[in-house]
Amino acid sequence: MEEEIQNIIKSTKEKNKKSDSKLIIKAYEYAKNHHGNQKRESGELFMVHPVAVASILTELGLDDQAICVALLHDIIEDTDAKRDEILKEFGPEITEMIEGITKLKKLEYQTKEEQQVENYRRLFLAMAKDVRVVLIKLADRLNNMQTLKHLSRKSQIRISKETLDIYAPLANRLGIYSLKSELENLAFKYLYPEEYKELLEGIKGKKEERLKFLDVISDNIKSHLKEADIEFDIQSRVKHFYSIYRKMQRDNCGLESIYDLFAIRILVNSVKDCYAVLGIVHELYNPIPGKIKDYIAVPKSNNYQSLHTTLIGANGVPFEVQIRTWEMHQVAEFGVAAHWAFKEANKHKRVTVTVKEDKLAWVRETLKWQGETQDPEEFMKVLKTELFEDEVYVFTPKGDIKVLPRGSNTIDLAYSIHEEIGNKMTGAKVNNKMKPIITELKNGDIVEIITSDNSTGPSRDWLKFVKSSGAKTKIQKWFRKIEKEETKDKQDIKKSDVGANIIRPEIQKLSNVGSTAISTQGHSQNASTGIKVKGIDNCLVKFSKCCNPLPGDEIVGYITKGRGVSIHRSNCSNISGLISEEARLIDVYWEKDVDTSYNVDIEVLSSDRKGLLADIIKEIGNAKTVKLLGVNSKITKDQIAIIELKLEITNLKELKKMINILKSVQSVYEVNRRK
């Protein structure tokens with residue numbers, strides 16, 4: 001181990017001349033003294049593990065503090081070392097990271113699912129506070145995977161599945177390809193040993209032949225790049241095993257059909273050189289249409305940037321070329337760790353890359369969503385959606401690129417633009433055509449979100465359709481706000497004293513809101529809402545979202561504290577039973593002949609059939625006085641279609657007419673106004 005620790009110190013010095021070798025040696029000696037003769041399952045000294053974790057972090061280029069934490073990361077849990085002593089010896093930064101690692105250890109919960117969710121919640125909390133804690137955890141997991149042969153088959157399967165489900169995707173989400181690929185390969189080896197062995201043998205048989213093939217191509221490309229006076233480095237690479245296996249499973253094909261088993265990677269100094277190299281290789285070899293990917297113009301969400309192109313070589317054999325700058329290569333290999341890696345430029349002009357503030361925004365959104373759901377299964381589903389690499393790239397009408405989880409719809413996009421855009425969303429155009437808001441988006445779609453200030457906000461059913469934790473969090477936030485307002489209204493009602501002597505002070509408050517004197521005769525008018533409030537001029541009026549009254553409905557006003565009059569339908573469950581409490585209730589009336597529209601929700605029940613939704617939307621479109629603002633649909637296990645419509649309508653008469661029209665649509669058997 002002495003040799004390994006010296007190699008770590010040497011490597012850190014090469015990457016950063018100001019590296020504190022004494023601090024690293026101090027951490028090593030402290031850990032060695034406390035772990036003493038502790039052994040691992042393999043029978044080797046326990047200290048072999050923290051040294052191996054520190055070595056992995058050194059390869060990633062992390063700073064001295066992170067390497068020290070790697071050496072000390074098990075010391076609180078597995079030895080008699082005390083926090084105060086560690087704080088005194090190594091300071092608060094290192095101590096807090098060690099505590100962060102220790103807190104990621106498993107706890108006891110009522111169910112396995114609850115325990116798993118709590119583990120990941122702690123993982124994300126640690127990452128949001130200091131991403132180095134999670135990088136150390138990933139390195140710790142990698143070394144555990146490297147020594148997995150010493151554990152039982154049951155443990156191998158459990159740990160490998162967890163690695164493949166969470167840790168490898170997490171490394172990918174953080175952009176650390178070097179960790180991601182090795183974690184996947186090791187998990188693949190233990191989960192599918194026969195398939196792994198078969199693939200290993202198959203690649204060995206092709207490796208020598210394919211590398212010779214790529215050497216010829218590389219020499220040809222090199223000569224042309226030198227002629228163009230482009231400084232470059234060219235490498236041959238092998239696609240990692242699990243990626244090959246997954247592609248074979250996805251496409252239901254054999255190894256011989258995987259054209260990018262081996263590829264060429266070209267590293268240059270500038271973006272300009274990247275595109276120049278792309279032009280040169282396209283002159284030398286014919287590109288396969290549809291196989292050119294520009295991740296420089298449109299980076300992946302983990303900040304990965306590169307040009308990918310698939311070309312036809314001799315005898316019609318395809319091969320892949322990746323082109324990127326040294327800085328892009330640094331980010332591709334080390335991801336967020338690139339912030340600490342290679343702090344001094346070297347001969348290849350590598351530069352330090354800073355971690356953008358929004359790079360971990362998805363972590364914070366996932367934490368918020370976890371706080372909103374009590375369902376461990378739902379949380380794990382959302383978590384895996386956020387972690388896995390499948391993404392969809394769409395454009396706003398202004399040309400802005402938005403990256404969303406695969407399977408996202410226009411609601412996800414609306415909330416990714418801005419919370420208020422999502423809350424006011426009433427429809428969407430995809431590639432200039434009106435589409436249902438639950439339309440799944442595809443790469444390259446141009447999407448326009450349609451909003452309205454008259455929107456009553458999102459539907460709870462949106463939570464069933466959205467894919468991103470960000471959208472789920474913001475929708476939940478909306479309903480928390482609404483529930484808080486409704487609770488306050490109910491509390492105001494319960495707290496109010498009964499008696500006619502209370503009404504006049506409350507009316508006085510309302511008249512102050514409207515900045516007008518109290519009218520003692522007739523009915524005052526509020527032209528913006530079409531409502532007349534008895535005895536008050538120009539007071540603040542709002543329609544309750546619990547019952548959404550329409551002209552023609554019998555209505556009653558409820559005097560809120562400082563927020564004007566809330567208009568309810570007389571049969572509203574929140575207002576019924578309170579008629580005796582005249583202190584807070586006030587007469588209100590619909591104004592005649594006012595050109596005002598209102599929002600209403602209706603529910604259509606039908607036997608499911610092809611074209612049902614299209615027929616319903618067509619009938620609404622034919623009604624000149626009704627406007628469709630939003631639609632949600634779902635199919636029950638009994639093949640019953642439940643379609644929820646948000647309409648903009650002028651009065652109750654028009655609504656009843658619309659309901660009758662929809663009842664006449666084939667297979668529809670019930671249409672109800674939602675309360």
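**Figure 1. Pairing of strands β19 and β20 in the predicted model.** Strand β19 is joined to strand β20 (residues 640-649) by eight bridges, and the two run antiparallel. Strands are DSSP runs of E with at least two residues, helices are runs of H or I with at least four residues, and both are numbered from the N terminus. Two strands count as paired if DSSP finds at least two bridges between them. Within this pairing, Lys634 stands opposite Ile642 in β20. The model is predicted, so that local features need pLDDT of at least 70 and side-chain atom pairs count only at pLDDT 80 or more, while totals for chains, interfaces and linings use all residues. Residues are numbered from 1 along each chain as its sequence is written, and side-chain values use heavy atoms, with hydrogens and water left out.

**Figure 2. The four-stranded open sheet.** The strand order is β19-β20-β18-β21, with antiparallel pairing. β19 (627-635) and β21 (668-673) are the edge strands, each pairing on one side only. From one strand to the next, the twist averages 20°.

**Figure 3. Helices α22 and α23 against the sheet.** Helix α22 (residues 612-622) lies across β18 (598-607), β19, β20 and β21, and runs at about 20° to β20. Helix α23 (residues 652-663) also packs on the sheet, where it touches β18, β20 and β21, and its direction makes about 160° with that of β21. Contact means heavy atoms within 4.5 Å. Axes are lines fitted to C-alpha atoms, for helices over the stretch in contact, and angles run from 0 to 180 degrees between N-to-C directions.

**Figure 4. Strand β15 and its two partners.** Five of the five residues of strand β15 (residues 565-569) are buried, so this strand is largely enclosed by the rest of the structure. Buried means under 20% relative accessible area, exposed over 50%, and partly exposed in between (1.4 Å probe, protein chains only). Val565, Ile567 and Arg569 cover one face, Ser566 and His568 lie on the other, and all are buried. Strand β13 (residues 541-543) pairs with β15 in the parallel sense over three bridges; here Phe543 has Ile567 of β15 as its bridge partner. Strand β14 (residues 555-559) pairs with β15 in the antiparallel sense over five bridges, and Ile555 stands opposite Arg569.

**Figure 5. Surroundings of Leu278.** Leu278 belongs to helix α13 (residues 271-284) and is buried, with a relative accessible area of 13%. Apart from neighbours within four places in sequence, Leu278 is in contact with Leu307, Thr309 and Ile323. His308 is 30 residues from Leu278 in sequence, and their C-alpha atoms are 8.9 Å apart in space.
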